[in-house]
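Q: Could you walk me through the surroundings of the ligand, contact by contact? I would like the cut-offs along the way.

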Amino acid sequence: MLKRKWMFGLVLVLIGSMFLAVGCPDPEVEPDPDPDPDEIVLTVAAGAVGIELELTHDLAEMYMDENPDVIVEVIDTPDSATERLSLYLSFFEAQSPEVDIYQIDVIWPGDLAEHFIDLYEYGADEVVDDHFPAIVENNTVDGRLIGIPWFTDAGLLYYRTDLLEEYDLEVPETWDELEEAAQIIQEGERVDNPDFWGYVWQGDAYEGLTTNALEWIDSNDGGTIVSPEGVITINNQNAIDIVNQAAGWVGTISPDGVTTFAEEDARAIWHTGDAAFMRNWPYAFALSASEDSAVTDVFGVGPLPAGLAGTGSATLGGWQLAVSTYSEHPEEAADLALFMANYESQKHRAIEGTMIPTIMDLYEDPDVVEAHPWFEDLFDVFINAVARPSTATAPNYSAVSEAFFTAVHDVLTGEMTAEDAFEELELDIQDVTGLEIE
Ligand code: GLC
């Protein structure tokens, strides 16, 4: 909360100072008596989930060492992708040059393309083939490369190896098995620890809930909200059934408060050893394995459970680096973005922070393999992750997602059944997109 307020303040200050700069010169700002004409300041708006921000600072330092004429400033942005988007939109509305590089979500290129330069015009063609083609394609809008892939993401199941052993259970492969195992472990652990929960995940009304709910629905053969061909499919029985099932977890195997949880809220409970299972992204691995974690060497990670589809689904996440159209230094900013997404930079973030690389060769890099052999085990999960319908609904994806996560949230909090919520939702999505309903 503190952080949110701080961010909001930052926007006001930045936008305010911009208007000041344009409208009336600020008498209090002393001009630098000896400005270095060659010095350029580049500002990167970056995520701060877990240790993400520290890792970005590392890259900024590395770049400045190699480029003494450039000062890289890193500003942190809200953890919630939904709030981060609102912040970015306020910068775009003001056509603000204050931020040169934005860390953008894999779902945003279609909605935000106009605010970013084409990196193909700044040397990206030389490196783009090193990255997963599907992400490059995702980031290409009308032939323009909107963002250079930085790291990819996929939803994973974290489980406690010690507790599975203690209760003589296997890693759950279906949602029903997860429910059962969570229940058994929770009951047993509660004897000594009243704060213990079976399963923690992301249930707040924000983009993270869209990713969780898409995993339930896709793994239950319930489609992807809107199909890749642009047909609205959400109002179907398999989708309804699994979301009703998930609503049954709230207050039973998951805390009531899970409907206000984002990634770091779920991780906080897991980190102190108070949960048997957690749904989260790969970044949580490095932190769970860190010295101050209660689960350091008693956890494992694998694919999420399956429903009717027979195999689990992982929502495709991940972040790109994009250069603002309103930057005063597009060339230098593009150079920095390409540096931050290059082999060595991604390697550093992969080893230290388990941020999953988008450069394919890194999966065979001996240092990466040695540090995180599980990258290879889960390679198929990463490359087969299910995409949110951001391309099919562009430039209205965020509105579609908001309608979706609001509807799912209403079901989780018991305000509506999934039957009623999805009947309304398909009409809302039609209103927003003009697409056909199946
Ligand atoms: C992760 C994913 C991103 C997703 C977000 C939702 O940051 O990488 O794609 O939108 O989580 O909370």
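A: Happy to! A polar contact here is a pair of N or O atoms within 3.5 Å; within protein, one must be able to donate a hydrogen and the other to accept it, and residues adjacent in sequence count only if both atoms are side-chain atoms. This is a predicted model, where local features need pLDDT of at least 70, side-chain atom pairs count only at pLDDT 80 or more, and totals for chains, interfaces and linings use all residues. Residues are numbered from 1 along each chain as its sequence is written, and side-chain values use heavy atoms, leaving out hydrogens and water.

On that basis, a side-chain N or O atom of Trp319 sits 3.0 Å from a ligand oxygen. For Trp281, the distance from a polar side-chain atom to a ligand oxygen is 3.1 Å, and for the side chain of Asp105 an N or O atom is 2.5 Å from an oxygen of the ligand. The protein buries 93% of the 310 Å² that the ligand exposes when taken alone (Shrake-Rupley method, 1.4 Å probe).

Now the shell, meaning residues with a heavy atom within 4 Å. Among its members are Asp153, Tyr206, Glu207, Glu263 and Arg388. It divides into five charged, three polar and three nonpolar residues, with Gly counted as polar and Trp and Tyr as nonpolar. Strand S12 (316–323) and helix H8 (207–219) each supply at least two shell residues, and S12 gives the largest share, three; both are DSSP runs (helices H or I, at least four residues; strands E, at least two). Domain 1 (37–153 + 317–383) and domain 2 (156–315 + 390–437) each contribute at least three residues to the shell, with bounds from an automatic or database domain assignment.
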